[in-house]
Amino acid sequence: MTERPISGGERGLALRLALSRLATRASMVFERGWPLVLPLLIVISLFLSFSWFGLFPRLPDLARIGLLILFALAGLVALYPLRFFGMPSAAEVDRRIEAANQLLHSPVQVQTDRPSGTESIFSQALWREHQKRMAERLSSIGADRPRSRVPDYDRWGLRAVAGLLFVTALAFSFGPFGGRVSDGLVARAARDTVPPRIDAWVTPPAYTGKAPLFLTADANQAVQTFSVPQGSDVSLRVTGGSGEETLSYADAGGNARAIEPTPPKGPVPASQAAPKVRQFSGKLDSNGTLTLRSAESDLGQWAFAVIPDKPPTIRFVGEPKRAVNGSIELNYEIDDDYGAASAKAVFELSDPPTANAHPLYGPPDLPLTLPRRGGKTNVAKTTKDLTEHVWAGNGIKLTLSVTDDAGHTATSETKTLVMPERPFANPLARAVIEQRRLLALDTNAKPRVLDLMDAITLRPEDTFDNMSNYLAIMSARSRLKLSESDDKLRNVVSYLWEIALGIEEGNLSAAERRLRQAQQALQDAIKNGASDQEIEKAMKELREAMNQFLQEFAQRAQQNPNAPQMQQNGRELRQSDIDRMMNQIENLAKSGDRDKAQQLLSELQDMMNNLQAGRQQPGGEQDSELRQQMDKLGDIMRRQQEMMNDTFRLDQMQRGQRGEGGEQQQLGDGGEQGQPNDQQRPGPGQDRDPLGRPKMSPKDFADALKQLQEGQGQLQSELNQLKKGLEGMGMEPNEGFGEAGKSMGDAEQSLGQGDGDQAVGHQGRALEALRRGAKDMMKQMQAMQGDQGGSEQGGRQQGADRDPLGRPRATNGPDDGTSVKVPDEIDVQRARQILDAIRKRLGNALSPDIERSYLERLLELK
C-alpha cells in the first residue's frame with residue numbers, strides 16, 4: 001500500500017498547529033512556574049534593597065549575621081514550591097488549544113489520533129475524511145495567552161511593595177550614602193579601619209615653566225610612567241599611617257636609595273588623637289621607580305622617566321661688526337630647552353702683553369641680551385659702546401658664553417677682530433688717546449707718556465688753537481707725575497679721555513655721554529622690571545639729556561654751515577617726533593608691555609646712532625656710485641611696471657572689441673527686435689569701446705605691440721649693463737637678475753607674437769625677480785658699508801623705509817617689496833569681486849561720463 005501524498009494545505013496546517021502548540025506550551029509553563037518562582041524573587045529583591053539602602057553597615061555584627069541567616073532560610077523555603085513544578089503533556093496542550101479556540105469534537109486531537117479496531121480501506125478513507133473536515137475548523141486556530149494565578153494567592157498586591165523597594169534602593173545606591181551588595185559580608189571592625197591618606201606630587205624646577213604634577217590625583221591613577229624634567233623635587237606626605245613608612249627610589253639599574261623623612265612644617269598638635277603625619281622630599285635626576293612601603297606591604301609605587309636638561313648652545317649669526325656710532329654689534333643665536341639664564345661676551349687680546357706688563361684694566365664686561373623665553377625666534381642682538389675702553393682699537397679674540405639655569409655652560413667659536421674705537425679727526429685728540437692707551441695697558445710706560453706730553457706741549461702756540469686744551473693737558477701731566485697708586489692712575493686715564501673728547505667735540509661730547517647714560521639707565525630699568533616711579537624718573541632724565549644734546553647739536557650746526565642737519569638716512573627728525581616716541585616708550589613700559597618698550601627704545605638708540613654717525617663719518621665716493629646704481633635699478637623697475645600696465649590695457653581693449661564685434665554680428669543677423677538693418681547705424685559714442693576708450697584698428701594694435709616689444713628689449717639690455725656695472729664694483733648680483741632677464745626676453749617674444757595675456761605674465765615674473773634682486777643688493781650694500789665703519793647708508797636698519805614713528809617715507813631707490821603685506825586668499829577674492837563690479841558698471845552704456853571717468857581712474861586704465 002502506497003502512502004498518500006501530502007498536499008501543500010496539509011503542510012500549512014501542520015505548521016500553524018506546531019506554532020500554536022509551542023506558544024501554548026510556553027504559556028502553560030509560565031502559568032505553572034511563575035507562582036512558584038515569585039517567592040524566591042521577592043526574597044532576593046528584599047535582600048538587594050536592604051543592601052543598597054546601606055543598612056548592613058549600620059547594624060552590629062550580631063544583628064547583621066542574624067539577618068543574613070534569616071534571608072538564607074527564607075530563600076530555602078522559597079525554593080521548596082519548585083518541587084511541584086511539572087511540564088505540560090501534549091494532550092494537555094491540545095486540550096488547552098481546543099478550549100481556548102472553543103472547538104467541538106476535539107479537532108486538534110483528531111489530527112494525531114488513529115481509529116481503533118481492525119483497519120480496512122473503508123475505515124481509513126472514512127477516517128481521513130473525518131480529519132479533513134476537522135482540519136477545516138483549524139483554519140483560524142491560535143495559541144492561548146498565559147493566565148497567572150498569583151492574584152488568587154496575593155489578593156492585597158503586596159508583591160508590588162517589594163518591586164517598589166527594589167527600584168528605589170537601586171537609585172539610592174548611586175548616591176554618596178548608598179550601600180553595596182557585599183556590605184552584609186564585611187565585618188564592622190574591618191569597615192572602621194581607615195587607610196592612610198597619601199599625597200604625592202612632583203614640582204619641576206621653576207625655570208622650566210611647567211606646572212606641578214600630582215601623582216595621587218584621580219586623573220593620573222591610570223598613568224604608567226610620569227615624564228618629569230631633570231632636577232624635579234618629589235614630595236610625599238602620609239597622613240594617618242603607622243608612622244613607620246619608608247620611601248625609596250630605585251634607578252633603572254636596580255640601585256635603590258632611601259629617601260629620609262623630613263620633619264613636618266608648622267606646629268605639631270599635642271593631642272594624642274591627632275593623626276600621624278610623615279613627610280618625604282627628594283630629587284629626581286634619573287629614570288627610576290618610587291616605592292612607599294609600610295612594614296611588608298607596598299602602599300604606592302610610581303615610575304618616572306626623567307627628561308634630561310640639555311646644555312645650551314650659542315653661535316654667531318654673521319660676523320661681529322661695528323655699528324654706525326662705533327658701538328660693537330653682536331648678532332647671535334641661543335638654543336636651550338628651557339631658555340638660557342645668562343650670557344656674556346669674553347674678550348681676550350690677540351697679542352697678549354709682556355710678562356712684566358702691569359695693565360690698569362681687565363677685559364671689558366659685556367653681558368648679552370637673551371632671547372625671550374617662548375618666543376618665535378632664538379636670535380638676539382646686543383649693541384654696546386666700548387669705544388671708551390682702553391682696548392678699543394686693539395686686536396681681540398671674541399668668544400660668546402652662555403649658561404642655563406641647570407649650571408651648564410657652552411661657548412661659541414672664537415672670532416678675531418679689531419675692537420671698534422671712536423674715530424678722532426683732530427691730531428691732538430688722537431695723540432692724547434694714544435698716550436691714554438699706553439698708560440692703561442702698562443703702567444711701566446708712565447715715563448714715556450710724560451715725555452710724549454712734554455713733546456706736544458713744547459710749543460703750545462703752534463699746537464693748540466684753544467689754550468684751555470693746553471691747560472687741561474698740563475693738568476693731566478701734573479696728575480700723572482704725582483700718581484703712584486693704580487686708582488690714581490685710573491683717574492688720570494679717565495681724565496685723558498675727557499680731554500680728548502673736549503678737543504674733538506667740545507661740549508657736545510658731554511651731552512652725548514649723558515644721553516647714552518640715560519638711554520642705558522632706562523633700558524636697565526625696563527629689563528629689570530622697575531616700578532612706574534623709577535621708569536618715570538629714568539624717562540625724565542632721558543628727556544633732559546635728549547634736549548641738551550639736540551640744543552648743542554643745533555648750535556654746532558649754526559656755527560658750522562657744512563655740518564649735517566637733523567636727518568638720518570634721508571629722514572627728517574623733528575623734536576615733536578622724538579617727544580612722541582619717548583612718550584610711547586613710557587606708556588608701553590608702564591602698561592606692562594616691556595618687550596615692545598625695549599624694542600622701541602632700541603629703535604630710538606639706532607636713530608641717534610645714525611645721526612651721530614652722519615656727523616662723524618661722511619659717505620665716500622663709492623657710496624655715491626652704489627646709490628646711482630640703485631637709482632638705475634629703481635628706474636628699470638618703474639618702467640617695467642608701466643610697460644606691464646600698458647600691455648594689460650592693450651590686451652583688455654583687444655578682448656573688448658572682439659566681444660563687441662561678435663555681439664554686433666549676432667544683432668545684424670537677426671536683430672534683437674527684428675529692426676531693419678538701416679536702423680542699426682552707429683549712434684553717438686558708438687565709435688568707442690564699452691570702457692569709453694577710442695577704438696583701435698588692427699594696424700594700430702600691431703604698432704602699439706611693436707613699440708612695447710622694442711621697449712621691453714631695451715629694458716633687458718639696460719638690465720644686463722646694470723649687472724656688469726655692479727660686478728665691476730665688487731657686488732654679486734643674485735639669481736633674481738638672471739630670472740628677470742629671462743622673463744623680459746620671454747615677454748618680448750610674446751609681444752612679437754601678439755599674445756598680450758602671456759606677455760603680462762612674463763612681465764609680472766620679471767618685476768618680482770627684480771624686487772628680489774634689489775633686496776639682495778640692499779643687503780650687500782649694508783654689509784659692505786658696515787665693514788667700512790658704517791656710512792650713512794650702511795647703518796640703515798630694516799625699518800629704514802619708514803620714518804622715526806614707523807610711517808612710510810618716500811625713497812629714490814627701488815622698492816624691494818619688504819614693506820608689502822602679501823594678501824591672503826580672502827583679500828584676493830574680495831579684490832576680484834570689487835574689480836568685477838567696477839568692470840560691470842563700466843560696461844553699462846547708460847552710465848554718465850563723469851562716473852565712467854571715476855571708475856577708469858580706480859582701475860588705473862588711463
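Which residues form one aromatic cluster? Some notes on the rings in this structure follow.

1. The cluster is made of Phe47, Phe50, Phe56 and Phe71. Bear in mind that this is a predicted model, where local features need pLDDT of at least 70, side-chain atom pairs count only at pLDDT 80 or more, and totals for chains, interfaces and linings use all residues. Residues are numbered from 1 along each chain as its sequence is written, and side-chain values use heavy atoms, with hydrogens and water left out.

2. There are eleven aromatic pairs in the structure (Phe, Tyr and Trp rings, the six-membered one for Trp, with centres within 6.5 Å; planes under 30 degrees apart are stacked, over 60 edge-to-face, the rest tilted). One of them is Tyr207 with Tyr338: the centres are 5.9 Å apart and the planes at 70°, so this pair is edge-to-face. Tyr207 comes from the loop between strand 1 (197-203) and strand 2 (213-214), Tyr338 from the loop between strand 13 (328-335) and strand 14 (340-349), so the pair ties together parts 131 residues apart in sequence. Strands here are DSSP runs of E, at least two residues, numbered from the N terminus.

3. Tyr249 and Phe304 have ring centres 6.4 Å apart and planes at 40°, so they count as tilted. Tyr249 sits in strand 5 (residues 246-251) and Phe304 in strand 10 (residues 297-307), 55 residues apart. Both Tyr249 and Phe304 are buried.

4. Now the charges over rings (NZ of Lys or CZ of Arg within 6 Å of the ring centre and within 35 degrees of the ring normal). Arg479 lies over the face of Tyr495, 4.1 Å from the ring centre, while the charged end of Arg422 sits over Phe424 at 5.8 Å from its ring centre.

Note on methods:
Helices (H or I, at least four residues) and strands (E, at least two) are DSSP runs, numbered from the N terminus. Buried means under 20% relative accessible area, exposed over 50%, partly exposed in between (1.4 Å probe, protein chains only).
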